[in-house]
Amino acid sequence: MAKIPVSMVVNGAEVGPVEVDEYTSMLDFLQEYLNLTGTKLGCGIGVCRSCTIVVEGQDGALQPIRSCINNVGRFHGTKVTTIEGQAERNSDGALLKLSPVQQAFLRNYSFQCGWCTAGFVNGATALIDRLRREPVSANDVEQVIEEALGDHICRCTGYVRYFRAVREVIESTPGLLKEVE
Amino acid sequence: MSRLILVVLCILCVDIAAAQTPIDKGRYLATAADCVACHTAVNGRPMTGGRPFHTPFGKLYSTNITPDKKTGIGNYTLEDFTASMRRGMGIHGNLYPAMPYTSYYRISDADIAALYAYFMQLPAVEYVAPENDLIFPANLRFGLKAWNWVFFDRQPLQQEAGKSPDWQRGNYLVNALGHCGECHTPRNFAYALKREAPLAGNVLEGWDAVDIRPQALRRQGWDRASLRTLFRTGVSEQGAAFGEMFSVVKHSLRHLSDSDLDAMITYLLDDDETASGTVAQTTGDPQAAAEQHPQGRADYVAYCAACHGREGTGITLAFAPPMHRNAGVRGENPYNTIAVVLRGLPVQRMSRTNARAGMPSFAKELNNARIAGVVNFMRTAWGASGTAVTEDQIAKIREDLREHGFLGEHQ
Ligand code: FES
Ligand code: FES
């Protein structure tokens, strides 16, 4: 079994270089090697998006990527954020402040069993990052949320509240909506 | 006891056969001809039209073929219906040849009558499709007369002597009713089928409708069993149906009778050629591939292997088909292998409880050189294609797909 050296930045911390079996999925890498168990395995086949994590592209844009259907090699040399890295922490790792998306999810009770939540929060975080660069008009918000998060599956089906939470963040964050002329 | 069951079964079968009305027959034929696929818009009502077709001349919409008198075919007599099916003559003028009358002119009278009976008893729906959006001179319908005159050559169906009845039935299904050639036959500058190269493959709507001539099918490893599985389920060990072909399986092929499906396969694989047994399947050399295309292999492992398997064996068939027997990878034309990496694939739903995962688009993440690397790795490992794909080739396909809005549809 061939090994590959991987190194990346996960939630702000340097990881590696470590040698791993080249076929290790990113989800397994996070859970087994880094002990980051917040990323959840749902379907394992790229359908449900519960395993979505965020990767910073070369242009600095955040991309949501499913960690179950991608092997660890895809993330070599990238900056990755998992649900554990969303909140602000001090140098001892103590929690300082939740991210705006996390806060909105809490405010709206946007979870039931919580299995899909990490994926939703990460997907929404990437969406908000995109809107920062490409604002949309207020009329399109619903559609933009649907496009970005419509494929995330929640077995407990609390979609209305997830979408409401994301809409709240979009509407209350300056610069995400186009000024009406 | 078992004899009694047999007798009851026989009576039932006789009953079913006797009960086949022209409408039932028409329904079956309309399924074989897959009318619903073209005459239904996304989320639209079946047969009411409004589905767009992207041609080099602009956008064209299918029409309402329910028996609504105002907007559909309610005023058509059987003669009018025949004229539109066989000659593309609608009562309001020429139809565009996107309506496959260049294949349908070979449909038998009896079948046309049954189709007519079926359509005329559908619920009438009032609906007008959006206006076509075609460039000059394609927007002038009278030009189609000239087009028909030059390009519409009405040769009867060639039923070669000495072929089995099964082959002949398959020929009729493939070349008349099923109009497979409308997608799979290359077209000339005027978008007419190249009669000299039937079923030789053609790129349209950003996919390659592959070469389905017997030699090509066999070289890619298709046999009777795998074609039957593909036509019944949309997936097989040789790869999956996607794009328009998926909808053909979903709406048409999987509903055909066993004997008709077998007839089509007999025609497509051409039994006579099997007897002479000329075509060797192509396979590849994973070892050589890894040595020749190290970056391609690394990218295959990172991006593809989680689903398609480390040795290209796929994971579960219904989810991700294998690469090592994949007809697309073995095909001479690398178009689909490249396009699928760039475009990704949507989730495909056969029914409420039977769906296949989608594939993400890698257009943003992988540049042309790296896509060329992955494709070359796969084609060397499992395709034995001989010719390498180049960065320029990828760039060109990327540009074409981007221009038509097919790029990165499925993130
Ligand atoms: S677990 Fe990754 S998409 Fe479902
Ligand atoms: S909260 Fe249970 S799966 Fe979404």
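Buried means under 20% relative accessible area, exposed over 50%, and partly exposed in between (1.4 Å probe, protein chains only). This is a predicted model, in which local features need pLDDT of at least 70 and side-chain atom pairs count only at pLDDT 80 or more, while totals for chains, interfaces and linings use all residues. Residues are numbered from 1 along each chain as its sequence is written, chains are lettered from A in the order in which they are written, and side-chain values use heavy atoms, without hydrogens and water.

**View 1. Salt bridge between Glu205(B) and Arg51(B).** The N to O distance is 3.8 Å (a salt bridge is a side-chain nitrogen of Lys or Arg within 4 Å of a carboxyl oxygen of Asp or Glu). Glu205(B) lies in the loop between strands E6 (202-204) and E7 (207-209), and Arg51(B) in the loop between helix H3 (35-38) and strand E1 (52-55), 154 residues apart. Helices (H or I, at least four residues) and strands (E, at least two) are DSSP runs, numbered from the N terminus. Arg51(B) is buried at 14% relative accessible area, whereas Glu205(B) is partly exposed at 25%.

**View 2. Salt bridge between Asp151(A) and Arg49(A).** The closest N and O atoms are 3.8 Å apart. Asp151(A) sits in the loop between helices H4 (141-149) and H5 (159-172) and Arg49(A) in the loop between helix H1 (26-33) and strand E3 (52-56), so the pair ties together parts 102 residues apart in sequence. Arg49(A) is buried at 17% relative accessibility; Asp151(A) is partly exposed at 45%.

View 3. Asp129(A) is buried at 13%, and Arg133(A) is partly exposed at 42%.

**View 4. Interface of chain B and chain A.** Each chain gives 16 residues to the contact (heavy atoms within 4.5 Å). The buried area, meaning the accessible area (1.4 Å probe) that two parts lose on being put together, summed over both, is about 1400 Å², with 50% from carbon and sulfur atoms. Val301(B), Ala302(B) and Arg310(B) lose the most area on the chain B side, together 32% of what that side buries. Three salt bridges are counted between the chains. Arg310(B) pairs with Asp21(A) in a salt bridge at 3.6 Å, N to O.
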